[in-house]
Amino acid sequence: NGQDNLNQIIAAFASFHQLKKTQGSHFIGGLLLIDELDASLHPAAQNKLLNFIIHESRAIGIQTVFTTHSLSLLKHFIQKQDGQEPGSSEIELTYLTKGHGVVEVKENPRYQWIENELLTSSGQRRRLPTIPILTEDDSATWLIKQMLDYFEIESSKFDFLNLSTGWE
């Protein structure tokens, strides 16, 4: 199964190479989408595949987007991301979670955060207790959340109590 998946990915890159060669200066790039990149692959093979994808995407001039739940692949991805030029957004990680009831988007999260999210949702790790936060009103809650975001503090550590006490 892993070899079939790998062959399809390599064939897709070969098709893009051929398309670029055929179109020449009219080639405007492309988008390759891969679901579950890690499926049926050993962690070392996953890392080699990621290196291949990054190299080929640059060489051809395409964008590659993939999904994964593999912690080892995510760790390797973040290492690649950390090794890029400062300020570069060539390699980006977007993490989607529904762990708190609604779909949340986390841009370029730290590995430790991802590991905790994935292992918590699978029941392998206990959720840490949250800290209850009581504010006067929605404006104060909004302000605190903005400050937490600014200082890159995980807001999931806090439980904002749904109370409105008012100034009185």
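User: Where is the place of Asn108?

Analyst: First, the ground rules: this is a predicted model, where local features need pLDDT of at least 70, side-chain atom pairs count only at pLDDT 80 or more, and totals for chains, interfaces and linings use all residues. Residues are numbered from 1 along each chain as its sequence is written, and side-chain values use heavy atoms, with hydrogens and water left out. Helices (H or I, at least four residues) and strands (E, at least two) are DSSP runs, numbered from the N terminus. On that numbering, Asn108 sits in the loop between S4 and helix H4 (111–121).

User: What is phi of Asn108 near, and is Asn108 buried or partly exposed?

Analyst: Phi of Asn108 is a positive value in a residue other than glycine, near 45 degrees. For exposure, buried means under 20% relative accessible area, exposed means over 50%, and partly exposed is in between (1.4 Å probe, protein chains only). Asn108 has a relative accessible area of 37%, so it is partly exposed.

User: Where does Glu152 lie, and does Glu152 count as buried or exposed?

Analyst: Glu152 is in the loop between helix H5 (138–150) and strand S6 (158–160). Its phi is positive too, near 55 degrees, in a residue other than glycine. At 54% relative accessibility, Glu152 counts as exposed.

User: Which strand is joined to S3, and by how many bridges?

Analyst: Two strands pair if DSSP finds at least two bridges between them. S3 runs antiparallel to strand S4 (residues 104–107). Thr94 stands opposite Glu107, and Thr97 stands opposite Glu104. The partner of S3 is S4, and the number of bridges is four.

User: Which residue in the hairpin of S3 and S4 takes a positive phi?

Analyst: The hairpin has six residues between the strands. The positive phi there is near 100 degrees, and the residue is Gly101.

User: Which residues make up the covered face of strand S3?

Analyst: In a regular strand the side chains alternate between the two faces of the sheet. Strand S3 (residues 94–97) has Thr94 and Leu96 on its uncovered face. Its covered face is Tyr95 and Thr97.

User: Which residues does Ile53 touch, leaving out those up to four places away in sequence?

Analyst: Ile53 lies in helix H2, and its relative accessible area of 3% makes it buried. Contact means heavy atoms within 4.5 Å. By that rule Ile53 touches Phe13, Ile34, Leu37 and Thr64.

User: How many Å separate the C-alpha atoms of Ile53 and Glu107?

Analyst: Along the chain, Ile53 and Glu107 are 54 residues apart. From C-alpha to C-alpha, the separation is 21 Å.

User: Is Leu41 buried or exposed?

Analyst: Leu41 is in the loop between strand S1 (31–34) and helix H2 (43–60). Its relative accessible area is 14%, so Leu41 is buried.

User: How many Å apart are the C-alpha atoms of Ala14 and Glu56?

Analyst: Ala14 is found in helix H1 (residues 2–23), where it counts as partly exposed at 43% relative accessibility. Ala14 and Glu56 are 42 residues apart along the chain. Their C-alpha atoms are separated by 9.5 Å.

User: What radius of gyration does the protein chain have, and why does it count as spread out?

Analyst: The chain comes to five helices and six strands, in the order α-β-α-β-α-β-β-α-β-α-β from the N terminus. The radius of gyration is taken over C-alpha atoms, and the globule rule is 2.2 Å times the number of residues to the power 0.38. For 168 residues that rule gives 15 Å, so the chain is more spread out than a compact globule, with a radius well over that value: 21 Å.

User: What percentage of the 168 residues is buried?

Analyst: The C-alpha atoms fill a box of roughly 75 × 40 × 25 Å along the principal axes. Among contacts between residues at least 6 apart in sequence, 61% join residues at least 24 apart. As for buried residues, they make up 30%.
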